[in-house]
Amino acid sequence: MNPEVLVPLLAAAVQSGTPILYATLGEILTERSGILNLGVEGIMLVGALAAFLAARLTGSPVVGFLIGGLCGALLAGVHGMVCLGFRGNQVVSGLALTILGTGLANYLGTPFVGKASPGFDAVAVPLLSRVPLLGPILFRHDLLVYASYLVPALLWLYLRYTRWGLALRAVGEYPEAAEASGLRVVGYRWIGVLAGGCLMGFGGAYLSLAYTHLWTNGLTAGRGWIAVALVIFAFWKPWRAMLGAYLFGGVMAFQFRLQATGTHLPSSLLLMLPYALTVAVLVVSSWKGRGDEAPAALGTNIEPPD
Amino acid sequence: MRTSGRETKPPAVFFVDAAREAKEVSTALRHKSIMVRQFARQIFGTFWMIRIRIHKRQEPLGWGSFLVFTAALAFSLVICGLLLAVQGKPAAGGLLLLFKSAFFSSWAIEDCLIKSVPIFLCSLGVAIAFRLQVWNIGAEGQYALGAVGATWIALLAPGLPAAVLLPLMLLAASVAGGLWGLIPALLKVRMRANEIIVTLMLNYIAILILDYLVYGPWKDPTSFGFPMTREFSTGAVVGMIAGTRLNWGILICVAAGLASWIFLRFTRLGFELQTGGENPRAARYAGLSYSRLVMLVMVLSGMLAGWAGFLEASANLNRLQPSIVVGYGYTAIVVAWLARLNPLYIGIASYLLAGLRVGLETLQLDLQVPAAFGQIMEGLILLTVLAGGFFTRYRLEIRRYG
């Protein structure tokens with residue numbers, strides 16, 4: 001493939017991979033603390049709607065983005081209440097959260113379908129955007145894409161080199177030991193759930209504020225679930241999440257491009273591509289993985305002593 | 001010492017040390033907060049002196065759990081009422097209208113029964129898988145593909161008499177639905193792929209296959225461009241029970257419900273399904289391979305959902321069209337969990353959630369409430385009931401001291 005075709009495609013891959021990246025990082029953070037949150041899809045949708053409405057009301061996309069993250073954290077807080085407070089089944093709670101979040105976004109968003117909001121536009125980074133090949137691919141996007149380059153680095157530093165990150169990992173791996181050494185297990189899990197939910201909300205906010213600038217129902221189209229699968233692909237490591245997110249961004253961009261050029265392939269078959277790829281990626285990474293990359297206490301609740 | 005290129009996980013002891021280190025930091029912070037707390041204690045007084053401790057219940061709660069269930073339902077209804085009010089609709093009036101139009105006329109009761117058939121079948125399948133702790137979220141796709149399978153036969157041999165055609169359609173629906181259940185099962189036991197994600201992705205793919213067929217090869221040339229197949233021949237339509245709008249498919253529900261109850265209650269395999277979920281190793285000692293059990297359960301689960309798709313296409317729509325996919329598969333998950341995976345309770349819960357859909361149709365017409373309101377109610381009810389389960393498993397001890 002010649003660069004004239006490849007470079008725009010890769011740039012589009014980065015752009016459409018960004019919401020998935022935010023969501024995947026959020027889920028990594030949550031799962032590292034030992035809580036499985038399957039509500040990503042619902043949280044993203046609520047984040048997207050909240051961001052859209054806030055940006056419309058205030059006229060400021062930045063405020064919208066922050067409100068999107070806040071509402072994502074709020075909805076994830078419901079999951080936290082059910083799992084950490086009431087010790088409910090994490091799988092079922094997450095599924096219920098997806099149903100609830102999808103419903104909420106469609107219910108409250110119906111009056112705004114097709115309406116536009118102020119959003120983020122592309123701002124080329126001076127100097128860096130002039131670098132051949134890499135410049136147009138990485139540095140001619142909106143601010144949220146640049147912010148998303150920093151998040152994996154910050155998350156990696158946090159998990160790997162700070163005490164609190166270590167404590168969060170300990171809580172996800174071996175809550176009994178963490179508890180015995182005096183850590184507040186439930187507290188750290190709350191941090192994982194809320195901060196993770198905030199990142200998922202950011203992912204949704206990116207979709208409505210930067211990707212489309214307008215509201216449609218069912219905006220995420222399964223990206224939340226792709227993010228859940230990517231966590232396994234990434235072996236719970238932030239850097240690999242970046243790779244996976246851009247891979248899926250690339251497939252989505254490729255599929256839109258094919259549709260736009262009017263191939264003879266039916267659109268429903270093209271739309272299958274990301275979902276089929278998710279299954280393929282999941283199968284390969286679960287098969288190759290040794291199976292012990294997952295936080296050891298993932299999905300288990302803290303039982304009170306009798 | 002590095003044995004492989006990949007970074008290895010530190011042993012648990014490492015975490016204990018690290019955690020202790022983190023604790024030192026937090027104690028320093030805590031000393032500061034004690035001063036704040038003493039100040040607060042002077043203001044709030046006895047409120048601060050209450051400690052709540054959680055104990056596991058030794059015996060089940062009995063009737064109390066029904067009370068908890070009702071309280072959870074009431075709580076979610078209150079929130080739903082508030083949501084109606086947010087959009088400027090009458091809160092109490094809206095909910096009343098929903099229940100009145102769902103349960104208080106013979107027309108509505110018929111409607112509820114019609115809608116509860118696919119929900120019941122899907123939910124029964126989902127519940128069988130959930131018993132083994134296999135998280136089959138794929139009822140929606142298995143249902144869609146079951147409808148596709150049945151339609152294939154109906155379009156292939158429209159001339160056959162009903163006595164031949166209907167069993168063939170049922171068989172095709174079982175094969176298609178069962179296959180859609182078998183794929184995630186195989187990937188789970190052979191490749192360790194997470195079944196939640198695979199079944200969910202297969203939902204999207206199944207619905208797109210259905211779309212492809214009705215927009216493309218199977219489209220009725222006389223449908224003025226609408227995506228739908230030809231109307232089924234009379235031999236391919238499940239008959240109505242005389243004097244009602246119900247079809248004989250309801251018999252399939254009764255039979256499937258009874259069969260699964262007997263299976264779980266009286267057969268060895270059914271018993272092992274129950275023990276297997278809680279402890280796969282126990283099932284292995286009983287001479288049963290866990291992988292085979294997973295595959296069996298997922299095929300059964302997919303078949304039941306496939307039957308639901310067959311009945312919906314044949315009896316209610318008389319053709320295949322995209323509107324056949326309305327989220328019954330997801331409602332089925334809510335139903336299965338509300339009914340605690342018990343076939344009898346599943347019957348009751350599917351009727352109630354079918355009622356929710358029927359009542360919502362009136363709400364949509366009379367108050368212009370968006371259809372998504374039903375999803376909100378389903379999600380909220382499931383979340384509150386899940387949270388309410390806490391009180392049936394644990395008891396709280398409130399201690400006062402000072």
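Entry 1: terms and model. I count two residues as in contact if their C-beta atoms, placed from the backbone, lie within 7 Å. With this rule I looked up A:Ile302, which touches A:Pro175, A:Val185 and A:Val186, residues up to four places away in sequence not being counted. I note that this is a predicted model, in which local features need pLDDT of at least 70, side-chain atom pairs count only at pLDDT 80 or more, and totals for chains, interfaces and linings use all residues. Residues are numbered from 1 along each chain as its sequence is written, and chains are lettered from A and ligands numbered from 1 in the order in which they are written.

Entry 2: confidence. I read pLDDT as the predictor's confidence in each residue, from 0 to 100. Chain B has an average pLDDT of 85, and 82% of the residues score at least 70. For the complex, the predictor gives an ipTM of 0.92 and a pTM of 0.88. I take helices (H or I, at least four residues) and strands (E, at least two) as DSSP runs, numbered from the N terminus. Among the elements of chain B, the highest mean pLDDT, 96, belongs to helix H5 (residues 139-156), and the lowest, 56, to helix H10 (residues 280-285). Over residues 1-7 of chain B, pLDDT stays under 50, and the model has 0 contacts beyond four places in sequence for them.

Entry 3: chain B as a whole. I found 14 helices and 2 strands in chain B. I call a residue buried if 20 or more other C-beta atoms lie within 10 Å of its own, exposed if 12 or fewer, and partly exposed in between, with C-beta atoms placed from the backbone. Of the 402 residues in chain B, 44% are buried. Among the contacts in chain B with a separation of 6 or more, 78% join residues 24 or more positions apart.

Entry 4: the contact between the chains. I recorded 56 residues from chain A and 51 residues from chain B in the contact. On the side of chain B that touches chain A, H14(B) gives the largest share, 13 residues. I divided the residues of this side into 37 nonpolar, 6 polar and 8 charged. Here Ala, Val, Leu, Ile, Met, Phe, Trp, Tyr, Cys and Pro count as nonpolar, Asp, Glu, Lys and Arg as charged, and the others, Gly among them, as polar.

Entry 5: nonpolar cores. I define a nonpolar core as a set of buried Ala, Val, Leu, Ile, Met, Phe, Trp, Tyr and Cys residues joined through C-beta atoms within 7 Å. The largest has 204 residues, and B:Leu121, B:Cys122, B:Met169 and B:Ala336 have the most contacts inside it. Helix H11 (residues 290-317) of chain B gives the most to this core, 16 residues. Apart from this core lies another, of 12 residues, including A:Leu168 and A:Ala297. I then looked up B:Ala336, whose contacts, not counting residues up to four places away in sequence, are B:Ser123, B:Val126, B:Ala127, B:Phe130, B:Leu341 and B:Ile346.

Entry 6: Helix H1 (residues 3-32) of chain A bends by about 40° at A:Thr18, and a proline, A:Pro19, follows within four residues. I take the bend at a residue as the angle between axes fitted to the seven residues ending there and the seven starting there. Because 22 of its 30 residues are buried, H1(A) is largely enclosed by the rest of the structure. Just after H1(A), A:Gly34 takes a positive phi of about 100°. I next checked helix H13 (residues 343-367) of chain B, whose 25 residues should span 36 Å at 1.5 Å a residue; the end C-alpha atoms are 35 Å apart, which agrees. The expected span is 1.5 Å times one less than the number of residues in the helix. B:Gln368 follows H13(B) and has a positive phi, near 55°.

Entry 7: single residues. Most residues other than glycine have a negative phi. A:Trp236 has a positive phi, near 65°, and lies in the loop between helix H10 (223-233) and helix H11 (238-260) of chain A. A:Trp236 is buried, with 21 other C-beta atoms within 10 Å. B:Gln133 also has a positive phi, near 60°, but is partly exposed, with 14 other C-beta atoms within 10 Å. I returned to A:Ile302, which is partly exposed, with 16 other C-beta atoms within 10 Å. Its C-alpha atom is separated by 9.8 Å from that of A:Gly85, 217 residues apart along the chain.
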